[in-house]
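This report describes selected local features of one protein model. The sequence and structure are shown first, and the description follows.

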Amino acid sequence: MGSDQVITQLSLKSLPKVTEGKVRDLYTVDDRTLLFVTTDRISAYDVVMRNGVPDKGALLTQQSAHWFRILREKVPGLKTHFLTTDVPAAVADEEEARLIKNRSMQVRRLRVFPLEAIVRGYVTGSAWKEYKARGTVHGTPLPPGLRECDAVPGGPIYTPSTKAPLGQHDENISKERAAEIVGDRYAARIEELALAVFRAGQEHAAERGIIIADTKFEFALDEETDEVVLVDEVLTSDSSRMWPKDKYEPGRDQESFDKQFLRNWLTENGLKGKEGVEVPEEVLRATSERYKEVFRRLTGKTLEETLQG
């Protein structure tokens with residue numbers, strides 16, 4: 001069930017740590033398996049806040065696990081890195097096992113492509129700023145007269161970026177540049193899968209009263225089978241913009257189930273991109289409630305019901 005303990009730092013002695021990201025810590029289980037541990041850290045504008053969001057690690061982990069199961073059924077040929085949310089037997093320390101239970105998942109060890117596979121279904125955020133200035137999104141011309149948060153005419157578009165090291169900013173790149181980085185065949189398959197997964201996710205979410213406006217995916221290569229595999233988190237409130245369908249109204253910023261609430265608070269208080277920000281508890285709680293509500297709508301269960309089941 002949900003926990004009152006907010007975990008922003010975690011260091012397991014049972015397993016060797018591979019790396020630490022903005023939100024996730026990655027450990028080696030064995031030669032073929034990694035452990036993703038999702039903390040309650042939250043980042044905005046590529047900066048990690050000093051304090052964390054209650055239950056965020058469990059919410060993101062369980063939501064990703066739910067999507068991995070759903071999407072394998074909805075997208076023909078889709079392969080993912082997800083194995084299980086069980087705590088590895090190698091984590092023998094009871095306290096460590098307790099800390100990572102429900103917020104970790106074992107995944108296949110694969111070679112990750114150095115791309116962020118971003119898909120945009122609506123003209124919002126940085127896409128809206130670019131469109132207002134130049135009439136384009138990611139350099140692609142769009143028809144004149146679009147309003148903020150209008151759907152992209154013709155359907156979702158793929159807009160890749162580089163995957164920058166921690167503390168640096170991702171850089172938008174062309175599809176041609178993406179192909180130079182990963183190779184033509186892999187770039188084409190990444191684009192194909194990103195769009196297919198996004199559309200399947202949009203459809204599933206729409207049936208539950210949610211608009212997925214945009215998201216970012218990551219993919220890796222299974223070198224044994226030469227297959228492109230969906231990895232990392234998928235269609236969470238951290239990686240996606242999600243809006244309540246019944247309150248959607250183009251021409252303005254939307255109410256959201258994601259961290260746009262936090263982004264707005266930072267911007268309004270002149271803290272966008274600043275390091276070392278301590279977020280007020282009421283903002284963190286409100287962010288947590290948004291994450292919990294979208295989790296409930298998408299999965300049909302509360303976090304507590306999911307963990308008890």
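In this predicted model, helix H1 (residues 56-74) and helix H5 (residues 184-206) have axes that come within 10 Å and cross at roughly 110 degrees. An angle from 65 to 115 degrees counts as roughly perpendicular, and H1 and H5 are therefore roughly perpendicular to each other. On the H1 side, the contact is made by His66, Trp67, Ile70, Leu71 and Lys74, which meet Val197, Ala200, Gly201, Glu203 and His204 of H5. By type, the residues of this contact between H1 and H5 divide into 5 nonpolar, 3 polar and 2 charged.

E16 pairs with strand E14 (residues 210-222) in the antiparallel sense, over 5 bridges. Within this pairing, Ile210 has Pro244 of E16 as its bridge partner.

The loop between strand E15 (227-231) and E16 contains Ser237. What does the side chain of Ser237 reach? It reaches the backbone oxygen of Phe257, at 3.0 Å. Setting aside neighbours within four places in sequence, the contacts of Ser237 are Gln63, Met242, Phe257, Asp258, Lys259, Tyr291 and Val294.

Two other loop residues have positive phi values without being glycine. Tyr45 has a phi near 55 degrees and lies in the loop between strand E4 (43-44) and strand E5 (47-48). Cys149 has a phi of about 70 degrees and is found in the loop between strand E11 (140-141) and strand E12 (157-158).

| Residue | Relative accessible area | Class |
|---|---|---|
| Ser237 | 1% | buried |
| Tyr45 | 25% | partly exposed |
| Cys149 | 0% | buried |

Buried means under 20% relative accessible area. Ser237, at 1%, is therefore buried, and so is Cys149, at 0%. Tyr45, at 25%, counts as partly exposed.

Terms used: Residues numbered from 1 in each chain as written. Predicted model: local features only at pLDDT ≥ 70, side-chain atom pairs only at ≥ 80, totals over all residues. Heavy atoms only, no water. Axes fitted to C-alpha atoms, helices over the stretch in contact; angles between N-to-C directions. Helix = DSSP H or I, 4+ residues; strand = E, 2+ residues; numbered from the N terminus. Parallel < 35°, antiparallel > 145°, perpendicular 65-115°, else oblique. Contact = heavy atoms within 4.5 Å. Nonpolar A, V, L, I, M, F, W, Y, C, P; charged D, E, K, R; others polar. Pairing = 2+ DSSP bridges. Buried < 20%, exposed > 50% of the residue type's maximum accessible area, 1.4 Å probe, protein only. Polar contact = N/O pair within 3.5 Å; in protein donor to acceptor, adjacent residues only side chain to side chain.
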